[in-house]
Amino acid sequence: VSCGPVMSCCTVRQKDLVWEGSTTEIKPVVSPQGTDAIPRRCLAALTIVTLVAVAAWQSLVAYLLAGVSAGLWLTRPGPSANALVARAGATSVPGGELPVNFAGKYVMVRLDGDMEAFAEMVGIPWAARAVMRRMNWGVGNKAEVTQNGRKLRVVMPPKKTNDFVVGMTSQQIFLPSGEISSVNPQFDEGRQAIVLDNLKMKGGSLNLKIEMFFNVEGHFVESLQVNDQVIQRCFARQI
């Protein structure tokens, strides 16, 4: 017996019709697969969705970890000092040695300042900040400085490289945001520090100041300042 066009999906056998007076009771036909067939299919579908979600999450985490290397501390080599000299049209670089030898291999031991506020100010996305926070903002990462007279190559974690000559104009370096800015590095005799000032970030809307010096503890310090936000990454020399 068929339930008609409106209920064509409901088909029952004659023996399932039970007549009691004027009332007809229609008993549903049970699937040979049993009553748990649909729950099993739902469970299989849920398992597939869960596996896809886990794979997507793992891909996102891997992408964000890669973004840390390409985000706040950009993994990209800076222009070489020699190339900058040629670009500026100079025939020679400033002579003489710097009063301080910054050369060495270092490991980051501490971060001073509100890194969360600084990262937000310079435009680091929330997801990237969350990953960096879990990595303790890079504490434990290594840095290296090579120095030849007034030429320096500074490799900061994770492997952000900048070459520049102290006392020479018309140079360019990569900023933490990934932008390129002109720079005129100077040596502050009073503070015994290399100063890279008035670096333009976010299309010129922010000015970044970078200083490199040794603190009273003997740590090599990279200080970054935007407006009133200052952070200092402190590095101990590796023996």
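## Side-chain pairs and strand pairing

Asp163 is found in strand 6. This is a predicted model. At 4% relative accessibility, Asp163 falls in the buried class. Its side chain makes a polar contact with the side chain of Arg153, at 2.6 Å. The Arg153 and Asp163 side chains also count as a salt bridge, at 2.6 Å from N to O. Arg153 sits in strand 5 (residues 151-156) and Asp163 in strand 6 (residues 160-165), so the bridge ties together parts ten residues apart in sequence.

**Overall make-up**

The protein chain has four helices and 13 strands. It has 239 residues, and buried residues make up 36% of them. Take the contacts between residues at least 6 apart in sequence: 52% of these join residues at least 24 apart.

**Salt bridges**

Side chains of opposite charge can pair when their charged atoms come close. How many salt bridges does a search of the whole structure find? It finds eight.

| Salt bridge | N to O distance | Relative accessible area |
|---|---|---|
| Arg110 and Asp112 | 3.0 Å | Arg110 28%; Asp112 26% |
| Lys209 and Glu211 | 3.4 Å | Lys209 27%; Glu211 11% |

Arg110 and Asp112 are both in the partly exposed class: Arg110 has a relative accessible area of 28%, and Asp112 has 26%. This pair belongs to a wider set. Arg110, Asp112 and Glu217 are linked in a network of salt bridges.

Glu211 is buried, at 11%. Lys209 is partly exposed, at 27%. The cut-off for buried is under 20% relative accessible area, so Glu211 at 11% qualifies.

**Aromatic pairs**

The structure holds five aromatic pairs. In one of them, the ring centres of Phe102 and Phe214 are 5.6 Å apart and the planes meet at 10 degrees, so the pair is stacked. Phe102 is buried, with a relative accessible area of 1%. Phe214 is partly exposed, at 27%.

Phe102 has another ring partner, Phe220: their centres are 6.2 Å apart and their planes are at 70 degrees, so this pair is edge-to-face. It too links distant parts of the chain. Phe102 is in the loop between helix 2 and strand 3, Phe220 is in strand 12 (residues 220-226), and the two are 118 residues apart. Are these two residues buried or exposed? Phe102 and Phe220 are both buried.

The ring pairs extend into a cluster. Its members are Phe102, Tyr106, Phe214, Phe220 and Phe235.

The charged end of Arg191 sits over the ring of Phe213, 5.3 Å from its centre.

**Strand pairing**

Strand 13 (residues 229-237) pairs with strand 3. The two run antiparallel and are joined by six bridges. Met108 stands opposite Phe235 of strand 13. Phe235 is also a member of the ring cluster.

Which sense does the pairing of strand 12 and strand 13 take? It is antiparallel, over seven bridges. Here Ser223 has Gln232 in strand 13 as its bridge partner. Strand 12 and strand 13 form a hairpin with two residues between the strands. In that hairpin, Asn227 takes a positive phi near 55 degrees.

Strand 13 therefore pairs with strand 3 and with strand 12, by the rule that two strands pair if DSSP finds at least two bridges between them.

Terms used: Residues are numbered from 1 along each chain as its sequence is written. This is a predicted model: local features need pLDDT of at least 70, side-chain atom pairs count only at pLDDT 80 or more; totals for chains, interfaces and linings use all residues. Side-chain values use heavy atoms; hydrogens and water are left out. Rings of Phe, Tyr and Trp (its six-membered ring) pair if their centres lie within 6.5 Å; planes under 30 degrees apart count as stacked, over 60 as edge-to-face and the rest as tilted. Buried means under 20% relative accessible area, exposed over 50%, partly exposed in between (1.4 Å probe, protein chains only). A charge sits over a ring if NZ of Lys or CZ of Arg is within 6 Å of the ring centre and within 35 degrees of the ring normal. A salt bridge is a side-chain nitrogen of Lys or Arg within 4 Å of a carboxyl oxygen of Asp or Glu. A polar contact is a pair of N or O atoms within 3.5 Å; within protein, one must be able to donate a hydrogen and the other to accept it, and residues adjacent in sequence count only if both atoms are side-chain atoms. Contact means heavy atoms within 4.5 Å.
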